[in-house]
Amino acid sequence: MERLIIKGGNQLHGEVNCSGAKNSGLPILASTILLDTPAKIGNLPHLQDITTMLELLNSMGALINFDEDGYIEIDSSNISLPEARYELVKTMRASILVMGPLVAKYGKAKISQPGGCNIGTRPIDFHLDGLEKMGAKIKSDARYIYLEADKLNPIDFIFPKISVTGTENLMMAAAIIEGKTVLKNCAKEPEVVELANFLNNCGANIVGAGESSIEINGAKSLKSDKWDVLFDRIEAGTYMVAGAITNGHVRINKIKPETIKIISSKLMEMGAIVNSGNDWVEVDATKSELISKDISTKPFPGFPTDMQAQFMALNSISNGSSIIEETVFENRFQHVGELKKMGADISLDKNKASVKGVSNLVGAVVSASDLRASASLVLAGLVGKNRTQIEDIYHIDRGYECIEEKLTKLGAEIFREPAEY
Ligand code: UD1
């Protein structure tokens, strides 16, 4: 176990490179199950979740090679054990992304029940409904879900609610199902579009990714090419907030500004100066007195739930009051109690948090409860007086590559130390 120690109060200045997105890497890695040839995937972030997905593919029989040029070669063409074990699924719910590809390619999948999660119940009923309509026979017991199909059929399917991994799972399965599948009320997230782009590059025929309705004409065989994973818009957004919260001036490279427009706009609304170029964005808050602004999370292109906690930290020390509404997940306010320990003035009423800006936060011993909650505590620690100690940081290692190195480069005082419990 490790903890992060932050001595707050330094204004951040300088530039960092954005890493590849885990939420893009994970479905792309899962989709290699559909391919008949090895795939070479680059720009994968060095994160625990990516390692877990590689371990999962490997445990099923895929061959993984780390090339010298930084690409990872995955040969999933001969999977012998189409099974996602509990030990792997429990640490990463996104393991369920192998379900659609496995049943489409191998006619069989045994997936551990994903179970609960600390940001809400997060069911997978849409994934299962869709696959069942495609013709999979599904059984389950307390530990596993078993899927079997001789042949899957194309479907017309309307998601009852927008789901990112739900869209990805059904899109992947449909990519090799003979005939035309139409998915409606789909997630429009850039990571969904990127998965479609990757699969199309492998020979799939997917039209409309990024729109509400996606049409997929199944291909007989998919063959891979080299592919670089998309940048992580949530990592980029987190460093933008780090610039803003410390009244600093931070530039983030290797991004696409149009993908993070909603984050840039919110920061500008709050009073920060945001400039961007072809593949970079910078936040200058050196001369700004930031004003608290309301936020309501929505599926893309709305305000991302994955940035809610970070903006809660920012609103906590901005002028005025704001309401932060969480509409995507039912229980994503675990950071509130921890931010309050640091002096934030936040009250909760169901899915709404009222945040009254305070003039400063104070370092405390806090605990990370999930990935983005951890990011909000790091941000609060950057500006909090004295020393902040963040426990249970394995969550942050699931989603932020080299966070101490990147923040140190920007001028933060942050380090990791072993924690003995
Ligand atoms: C993905 C992201 C996660 C992000 C979330 C919302 C990955 C690996 N993770 O998670 O970082 O926070 O999108 O942007 O890409 N739902 C159901 N039944 C289902 C599926 C979903 O009721 O079968 C509900 C969920 O409980 C939630 C909502 O739909 O309330 C959206 O969840 P979903 O988009 O599926 O989240 P994930 O794909 O798990």
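Phe159 is buried in this predicted model, with a relative accessible area of 1%. Phe157 also counts as buried, because its relative accessibility is 4% and the cut-off for a buried residue is under 20%. By the ring-centre rule the structure holds four aromatic pairs. One of them joins Phe157 and Phe159, whose ring centres lie 5.0 Å apart. The planes of these two rings stand at 85 degrees, so the pair is edge-to-face, given that planes over 60 degrees apart count as such.

The rings of Phe198 and Trp227 have their centres 5.7 Å apart, and with planes at 70 degrees this pair is edge-to-face. Phe198 belongs to helix α7, residues 190-201, while Trp227 belongs to strand β14, residues 226-228. The two parts are 29 residues apart in sequence, so the pair ties them together. Both Phe198 and Trp227 are buried.

Ser31 is in contact with Phe198, and with Met172, Leu195 and Leu199, when neighbours within four places in sequence are set aside. Ser31 itself lies in helix α1, which covers residues 22-31. The relative accessibility of Ser31 is 0%, so Ser31 counts as buried. The contacts named here rest on heavy atoms within 4.5 Å.

Two aromatic rings have a charged side chain over the face. Lys110 sits over the face of Tyr144, at 4.5 Å from the ring centre. Arg251 sits over the face of Trp280, and here the distance to the ring centre is 4.2 Å.

The next element to follow is helix α8, which runs through residues 233-245 and has 13 residues. From its first C-alpha to its last, α8 reaches 18 Å, close to the 18 Å expected at 1.5 Å a residue. How much of α8 is buried? The count is 13 of the 13 residues, so the helix is largely enclosed by the rest of the structure. An α-helix has 3.6 residues a turn, so residues three or four places apart point the same way.

The ends of α8 can be taken in turn. At the start, a side-chain oxygen of Asp232 comes to within 2.9 Å of the backbone nitrogen of Ile234. After the helix comes Asn247, which has a positive phi, near 50 degrees.

Key: Residues are numbered from 1 along each chain as its sequence is written. This is a predicted model: local features need pLDDT of at least 70, side-chain atom pairs count only at pLDDT 80 or more; totals for chains, interfaces and linings use all residues. Side-chain values use heavy atoms; hydrogens and water are left out. Helices (H or I, at least four residues) and strands (E, at least two) are DSSP runs, numbered from the N terminus. The expected span of a helix is 1.5 Å times one less than its number of residues. Buried means under 20% relative accessible area, exposed over 50%, partly exposed in between (1.4 Å probe, protein chains only). A polar contact is a pair of N or O atoms within 3.5 Å; within protein, one must be able to donate a hydrogen and the other to accept it, and residues adjacent in sequence count only if both atoms are side-chain atoms. Rings of Phe, Tyr and Trp (its six-membered ring) pair if their centres lie within 6.5 Å; planes under 30 degrees apart count as stacked, over 60 as edge-to-face and the rest as tilted. A charge sits over a ring if NZ of Lys or CZ of Arg is within 6 Å of the ring centre and within 35 degrees of the ring normal.
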